[in-house]
Amino acid sequence: MRDPKVEEIKKLALFAGCRPDDLRWIAGVADSVDVPAGRTIVHGGRTVREFVVLVSGAASNGNGSVSLTPGAYFGELGLVDGRPHAQTVQTQSPARLLVFSAGAFRGMLARIPSVGRRLLSGMVTELREAAQEPRSLRAVS
């Protein structure tokens, strides 16, 4: 019997290529949270305590200049460098989130190196874009 949570997770680009046992592990450590439209998910300036992946729905930063769609994630920067969230993130429609505690996030990086490489690649892309045009940085962590 297929686990609906695992099926959702394996559709996300961040987890592409993960082995079935890794997908089940992710499903076991991440909380699946349904959030209504208009709900603030993270507050800019506050301590980062979780890594969040948008599974469905839409969100944006506090002023609406950055749109987030399924597969977007945030919190990784703060969990790495200890700095607070740079921006507020709010749902624009009902959304489903995968929420990883800091410990689960670190465990995922240790257990599934391909996820860490994808996160690092995303960070490098953001830095390159910022270097090209400083106002283009899309990161909301």
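Mentor: Let's start with serine 60, which has a relative accessible area of 6% and so counts as buried. Keep in mind that this is a predicted model.

Trainee: In which strand is serine 60 found?

Mentor: Serine 60 sits in strand β4, residues 59–61.

Trainee: And what does the side chain of serine 60 make a polar contact with?

Mentor: Its partner is the side chain of glutamine 92, at 2.9 Å. Setting aside residues up to four places away in sequence, serine 60 touches Val66, Ser67, Thr88, Val89, Gln90 and Gln92.

Trainee: Let's go on to the sheet. In what order do the four strands come?

Mentor: Read it as β2-β7-β4-β5, an open sheet with antiparallel pairing. An edge strand pairs on one side only, and here the edges are β2 (40–42) and β5.

Trainee: How many bridges join β2 to β7?

Mentor: Two bridges join them, and the two strands run antiparallel. You can find valine 42 standing opposite valine 89 in β7.

Trainee: Now a loop residue. Where does alanine 72 lie?

Mentor: Look in the loop between β5 (67–68) and β6 (73–74).

Trainee: Is alanine 72 buried or exposed?

Mentor: The cut-off for buried is under 20% relative accessible area. Alanine 72 comes out at 17%, so it counts as buried. Beyond its neighbours within four places in sequence, alanine 72 is in contact with Val52, Val53 and Leu54. Glycine 62, ten residues from alanine 72 in sequence, is 16 Å away from it in space, C-alpha to C-alpha.

Trainee: On to helices. How do I read the sides of one?

Mentor: Here's the general idea: an α-helix has 3.6 residues a turn, so residues three or four places apart point the same way. Now take α5, where Ser114, Val115, Leu119, Glu126 and Ala130 are buried. Those residues are on the same side of α5, because they cover an arc of only 160° around the axis.

Trainee: Which exposed residues does the face turned away from the buried side of α5 carry?

Mentor: That face has Arg117, Leu120, Leu127, Arg128, Ala131 and Gln132.

Trainee: What do the buried residues of α5 pack against?

Mentor: They pack against β3 (50–56), β6 and α4 (102–111). Take leucine 119, which lies in α5, residues 113–132. Leucine 119 has a relative accessible area of 2%, so it is buried. It touches Leu14, Phe51, Tyr73, Phe105 and Leu109, again not counting residues up to four places away in sequence. Leucine 119 and tyrosine 73 are 46 residues apart in sequence, yet their C-alpha atoms are 9.3 Å apart in space.

Trainee: Last topic, the nonpolar cores. Which residues touch the most other members in the largest one?

Mentor: Among its 24 residues, Phe15, Phe51, Leu98, Phe100 and Met108 do. At least two residues of this core come from each of α1 (4–10), α2 (20–29), β3, β8 (95–101), α4 and α5. α4 supplies the largest share, four residues.

Trainee: What is phenylalanine 100 in contact with?

Mentor: Leaving aside neighbours within four places in sequence, the contacts of phenylalanine 100 include Phe15, Ile26, Phe51, Val53, Phe105 and Met108.

Methods:
Residues numbered from 1 in each chain as written. Predicted model: local features only at pLDDT ≥ 70, side-chain atom pairs only at ≥ 80, totals over all residues. Heavy atoms only, no water. Buried < 20%, exposed > 50% of the residue type's maximum accessible area, 1.4 Å probe, protein only. Contact = heavy atoms within 4.5 Å. Arc of directions from axis to C-beta. Pairing = 2+ DSSP bridges. Core = buried A, V, L, I, M, F, W, Y, C linked by side-chain atoms within 4.5 Å. Polar contact = N/O pair within 3.5 Å; in protein donor to acceptor, adjacent residues only side chain to side chain.
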